Amino acid sequence: MTSNKKASLKLVIKKGINLTEQELSQIKKDILREFKIAFNMDDQAKEKLFFLLKQENAILAMGSLWEVKPVIFNGENFSIYGVLNVIANIKGKGYGKRIVTSMIKYLVFHNKTAFGFCMPQNSGFYEKCGFTIDTVSTKRFVYTKGKERITNQDGQVIFYQDASDHFMEKVLAFPDRKVSIPTASLW
Ligand SMILES: CC(C)(COP(=O)(O)OP(=O)(O)OC[C@H]1O[C@@H](n2cnc3c(N)ncnc32)[C@H](O)[C@@H]1OP(=O)(O)O)[C@@H](O)C(=O)NCCC(=O)NCCS
């Protein structure tokens, strides 16, 4: 190999608990830079499945899937993956798309429905990666904390991919009904 030949890219899929110290420290830095939030290796992060596009030790792009259950709609319980932490550290080179299309492949293989919330300006990206966009249902997703009912207030839209449970198809068929989610960490 000549000295200026670029190291090849590899996709690594691993649970949060198995991230190396080096991966974790880069992920923390990237999440803080892009979303202005601190990322900690809590129980939720340990369980997330991270998709990392790496070139040697550098993470070029990343994303995670987090299993969320029960999501309750119309009396039916669903187990669904939330799509989170999607970041391309070098933008406009197809790296983000490689992460998200790998996630979709994983979802299809495991027959799992997934959804995420994004700002409208990013919906075109998710659409290009294969997700379907819904711009009207965000506020129907409700997290109940004691007497408080928490919904997304940032104007985010939903991107989703249905599996054989037809979760979103069912949600869209009954536009007057709420969807109960067990966490406020999906947006
Ligand atoms: C959103 C983000 C992950 C996209 O990653 P990226 O690597 O720059 O995007 P890609 O180069 O893989 O683009 C894939 C395709 O989506 C298109 N695309 C990228 N961003 C887009 C956008 N905001 N709107 C519409 N299309 C977009 C590209 O033109 C490309 O189209 P093509 O397949 O026809 O060539 C990246 O901009 C990012 O890290 N943003 C900051 C963090 C963030 O907001 N993440 C999303 C949280 S919900």
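Q: In which sense do strand E1 and E2 pair, and over how many bridges?
A: Strand E1 (residues 9-15) and E2 pair in the antiparallel sense, over seven bridges. Strands are DSSP runs (E, at least two residues), helices are DSSP runs too (H or I, at least four residues), and both are numbered from the N terminus. Two strands count as paired if DSSP finds at least two bridges between them. This is a predicted model, in which local features need pLDDT of at least 70 and side-chain atom pairs count only at pLDDT 80 or more, while totals for chains, interfaces and linings use all residues. Residues are numbered from 1 along each chain as its sequence is written, and side-chain values use heavy atoms, with hydrogens and water left out.

Q: Which residue in E2 is the bridge partner of valine 12?
A: The partner of valine 12 is leucine 52 in E2.

Q: Is E2 mostly covered or mostly open?
A: E2 is mostly covered, since six of its seven residues are buried. Buried means under 20% relative accessible area, exposed means over 50%, and partly exposed lies in between (1.4 Å probe, protein chains only).

Q: How do E2 and E3 run, and how many bridges join them?
A: E2 and E3 run antiparallel and are joined by seven bridges. Leucine 49 stands opposite leucine 65 in E3. The hairpin of E2 and E3 has two residues between the strands, and glutamate 56 in that hairpin takes a positive phi near 50 degrees.

Q: And what is the sense of pairing for strand E3 and E4?
A: Strand E3 (residues 58-73) and E4 pair in the antiparallel sense over ten bridges. Phenylalanine 73 has glutamate 76 in E4 as its bridge partner. These two strands also form a hairpin with two residues between them.

Q: What is the phi of asparagine 74?
A: Its phi is near 55 degrees, a positive value in a residue other than glycine. Asparagine 74 lies in the loop between E3 and E4 and is partly exposed, with a relative accessible area of 40%. Most residues other than glycine have a negative phi, and most peptide bonds are trans.

Q: On peptide bonds, which residues does a cis bond join?
A: A cis peptide bond joins lysine 69 and proline 70, with omega about -5 degrees. Proline 70 lies in strand E3.

Q: Serine 64 next, please. Is serine 64 buried or exposed?
A: Serine 64 counts as buried because its relative accessibility is 0%. The serine 64 side chain makes a polar contact with the side chain of asparagine 85 at 2.7 Å. A polar contact is a pair of N or O atoms within 3.5 Å; within protein, one must be able to donate a hydrogen and the other to accept it, and residues adjacent in sequence count only if both atoms are side-chain atoms.

Q: Which elements make a β-α-β unit?
A: E4, helix H3 (residues 95-109) and E5 make a right-handed β-α-β unit. Right-handed means that, with the strands pointing away from the viewer, the path from the first strand over the helix to the second runs clockwise. E4 and strand E5 (residues 114-118) pair in the parallel sense over two bridges.

Q: How many residues are in the largest nonpolar core?
A: That core has 24 residues, and those with the most contacts inside it include Phe51, Leu65, Val83 and Val100. H3 gives the most to this core, with seven residues. A nonpolar core is a set of buried Ala, Val, Leu, Ile, Met, Phe, Trp, Tyr and Cys residues joined through side-chain atoms within 4.5 Å.

Q: What is valine 100 in contact with, leaving aside its neighbours within four places in sequence?
A: Valine 100 is in contact with Val86, Phe125, Tyr126, Cys129 and Phe131. Contact means heavy atoms within 4.5 Å. A second, separate core has 20 residues, among them Trp66, Val68, Phe117 and Ile150.

Q: Finally, which residues are the closest to the ligand?
A: Of the 20 residues that surround the ligand, the closest are Val86, Ala88, Gly92, Gly94 and Lys97. A residue is counted there if one of its heavy atoms lies within 4 Å of the molecule. A polar backbone atom of valine 86 is 2.7 Å from a nitrogen atom of the ligand. A ligand oxygen atom lies 2.8 Å from a backbone N or O atom of glycine 92. For glycine 96, a backbone N or O atom lies 2.9 Å from an oxygen atom of the ligand.
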